[in-house]
Each structure stands twice: as C-alpha cells, then as structure tokens.
Amino acid sequence: MTKRVCVIGAGAAGLAAAKYSLAQGLEVEVFEQTNSVGGTWVYSEQTGCHSSMYQNLKTNLPKEVMQFRDVPFRSELPSFLTHEDVLEYLQEFSRGLPINFNQTVESVERIDNMWKVTTHHGTGINEQLFDIVFVCNGHYFEPNNPYKDNDFQGTLIHSHDYRRAKDYIDKEVIVIGAGPSGIDIALQLSDTARKITLISRKATYPTLPENITQISQHVKKVVENGCETDDGTVITADTIIVCTGYFYRYPFLNDEILQVKENNQLVSPIFEHVVHADYPDSLFFIGLNLVTITFPLFEYQVKMALAFATGKAPIPDRQVLIDYERNQIEHQKSRGLETRFYHLLQNEQWEYLRRIAKIGGFEEWPYMKTIENITQYLHEQRKSNVIGYKNINFKLSDDGMDYEVVRC
Ligand SMILES: Cc1cc2nc3c(=O)[nH]c(=O)nc-3n(C[C@H](O)[C@H](O)[C@H](O)COP(=O)(O)OP(=O)(O)OC[C@H]3O[C@@H](n4cnc5c(N)ncnc54)[C@H](O)[C@@H]3O)c2cc1C
C-alpha cells in the first residue's frame, strides 16, 4: 500500500519534503497553520506572527545559492533578492502541492506503528494516520531573549518584532548581537537612527557607517537607561533591539518522543540533524541547522530521509543512531563551540552534504560545487565589505559550473 506522508509546515523545508515525497510516489498531506505558503518569507506589518521578516530585507545569500535543483530564480532578478522575490519563488514552487491551509498541527502521537496527527482548523479537529512525518515548522519564531525581564525605561524588542528602519528616526539604539540579523538591522538603522551601538562578544567588522559603534563585550544586564556590559560600562540608549537568536520549539510532540535540550538549542535524539533515532524510517526534521545554505540543503536532507523511509538506503545500526548526539557534542567542542551551537555547520556544511548523500545513497548535485565556491567567496566579501557585498551580482557559465562577479 502507498505510504502516507504528513508534512508539518509549508515553508521552504515543508515544500521540499512534499515535492520530493510526491516524486517518490508517496501520498502527501501538508498542514500549514497560516493561509499561505512561504513561512519566514511572508512579511507582515504586524508583529506577533510566525515570521521574523522585516520590510527592506535583502537576502544574505544570492539566488545562485538559494535555488532548489533545476528550479532557478527568474533570470532578470539580481543576485541578492527581496523577501517578495523569494516568496514569489516559493509560491511558484508550491504549485499543485496538496496543502491544507489554516490547519495547525496540535499533536503527533505514536499509535500501532503509525503516526496519529491531530490538526485544528477553525472550530474543528481532524485526526489522521500517517506512516511518515516530516517536521518542517521552522526555528525562527520563538525568540530567545535573555533580557526580557528588565527595568529599561525605553523600548526593548527582540529582532523577531523588528519591522522597519523608519520607526527609529533620530533614535539612539543598542543592537545586542552581531549575527546575520544583528548586523543587518544595525546597517538598516544607520540610515535613520542617530546613533547605533552594536554590542557582541567579538567586534568583527573592519568598516561600518560612521554612526555605528562596535563594542566587543557581553551585555551583563539591561538597566534603566541602557545596557551594562561585563566590564561594568553602561551604554545608554532609548531603544534596544535584542538579536540573540531563537529557541527550537515543537509543541505538538511530547517529551517522551522529543527533547529540546541546552536552553532549547539542541533537538534530541536526532541522527545527522534529520532522522529521529527511535523512528529512523518515519520521523524526520528538515532545516534544523544554523549558518548554512538553506533550500539545497533541505533538499538533500529530504532525500536522505526518503531513502530511509522507502528502504532505498540501509538505516545505520541503532547504536550508530544513538551515539550520533554524543559524538556531535564532542565534535563541536573540538571546534571550540559550546553545546548550544550543536546544529551549527558553517564551513563543515559541504562535508555534511557529501556525507548525507552517501548515507542516503543518492547522487550529489554537481552544481553544489558552484554553490560552495560562491558561498566561500561571499564569506570573505562579507567580512571585508559588509556594507556593500549585497550589490554583487554573479553570472554563471552556461554549464553552471563556474561563475564570474559582474558588478561590485
Ligand atoms: C529574518 C530572516 C532572514 C533570513 N534570510 C535568509 C536569507 O537571506 N537566505 C536564506 O537562505 N535563508 C534566510 N533565512 C532562513 C530562512 O528561515 C530559511 O531560508 C527558510 O525560509 C526556512 O524555512 P522552513 O520551512 O524551515 O521554516 P519557515 O519558513 O519558518 O516555515 C515553517 C512553516 O511552518 C508553519 N507551522 C509552524 N508550526 C506549525 C504547526 N504546528 N502546524 C502547521 N503549520 C505550522 C509556519 O506557519 C510556517 O509556514 C532567514 C531567516 C530569517 C528569520
């Protein structure tokens, strides 16, 4: 009998899971809690929604790196895209997929070797049994805000609720954290705010606009008039934007099935960031990683998962699946990373992709080498020219195996 697949979420990861499951002849149902596809890429003027998207975001990866296999972005678009461009791409990609909108997955339970999925829609409850579940609910919606409790007299928000630079005209703003969102928001604010102080453990950018000061410190606490750093310095401001990342969250899975450890930063027990160690042929997580390329990586992860689910690739011994977590914690330690960075791949992503292709027994995508080369080139550009790197455009050779930078 044809296996039934449940996909939770119609963001980029869920769309990839649905598309490739259908291509394998499986029966698929996608459940999406909102009324549209795209997840993160659905911009809303209002705060308090799933997406953390802001108005004038330009992607931090170019379209040449973000595309799914054989589905290029429109050729007339520049390399660095607006959120509208990415949303349009995902809408196109989702055409014909069986998506149930306005259906929130409330619980996923194991019953008689099947998954009972309960969804909530308006006033009704729906229960269905599935053989396979792909968890694709994203991990940029639950703010990790260590400074939530404070006596600050001004406005303090998490980057999840940042929307527009024009809301900060003439303000003195502290941005805590200089990850992808922190630096990008600080640069956007440099056009409107009077003064921006970017505080992070490491001040990494050699050149920033004049009104941004970088401080290499950790914020000990937020005080009435600003932030106090570990060395006792108080930096004053009228606005604080906390860019300290997000928690992983799976309210529909009970903690006998899934644990989220290390201050909600480590999803457990998962093999190779995808495969549940206790249900390796039926429960999968797509897109858990941090600091990686996104859509092509989701595609590889889905392919490995499907190879296990359909018996096309042998599932490793149970001990290998179980030991993965301990080994990965040790491995990250050896890279100088704390356990909260368990899912961070960064420059190890290329080796990871090659490894999961091998484990899943599927052919690597030759173009992935071009993606790797462009990403590495950009890594250097971002460090030396964080203000201007998004003006770069790439031109691919006819066979896609080479690229040139056409405008800086
Ligand atoms: C501000 C910001 C900028 C980014 N910029 C880039 C970039 O430039 N380039 C890049 O490649 N990546 C970028 N990313 C990463 C981005 O998140 C990924 O590209 C990708 O969109 C993640 O897709 P996803 O499907 O994993 O999650 P999401 O896009 O978050 O989708 C998850 C979906 O699941 C749904 N859902 C959640 N819970 C339930 C439930 N219980 N029941 C039903 N549905 C549910 C949500 O409504 C949502 O539609 C950025 C992220 C953020 C936050």
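Mentor: A contact here means heavy atoms within 4.5 Å. Keep that in mind for the fold, which is a predicted model. Among contacts between residues at least 6 apart in sequence, 60% join residues at least 24 apart. The secondary structure comes to eight helices and 24 strands.

Now the overall form. A compact globule of 408 residues would have a radius of gyration near 22 Å, and the protein agrees because its value is 22 Å. Along the principal axes, the C-alpha atoms fill a box of roughly 65 × 50 × 45 Å. Of the 408 residues, 53% count as buried. The accessible surface is about 18,600 Å², and carbon and sulfur atoms hold 47% of that area. As for charge, there are 39 positive and 53 negative side chains. The centres of these two sets lie 2 Å apart.

On to the cysteines. A disulfide is a covalent bond between the sulfur atoms of two cysteines. The test asks for a pair of cysteine sulfur atoms within 2.5 Å. By this rule the count is zero. Take Cys136: the nearest cysteine sulfur belongs to Cys6 and is 9.1 Å away, so Cys136 is in no disulfide. Cys136 has 6% relative accessibility and therefore counts as buried, the cut-off being under 20%. Cys243 is also in no disulfide. Its nearest cysteine sulfur, that of Cys227, is 12 Å away. Cys243 counts as buried too, because its relative accessibility is 10%.

Conventions:
Residues numbered from 1 in each chain as written. Predicted model: local features only at pLDDT ≥ 70, side-chain atom pairs only at ≥ 80, totals over all residues. Heavy atoms only, no water. Helix = DSSP H or I, 4+ residues; strand = E, 2+ residues; numbered from the N terminus. Rg over C-alpha atoms; globule rule 2.2 N^0.38 Å. Buried < 20%, exposed > 50% of the residue type's maximum accessible area, 1.4 Å probe, protein only. Areas by Shrake-Rupley, 256 points an atom, 1.4 Å probe, with all protein chains shown as cover. Lys, Arg positive; Asp, Glu negative; His and termini not counted. Charge placed at Lys NZ, Arg CZ, Asp CG, Glu CD.
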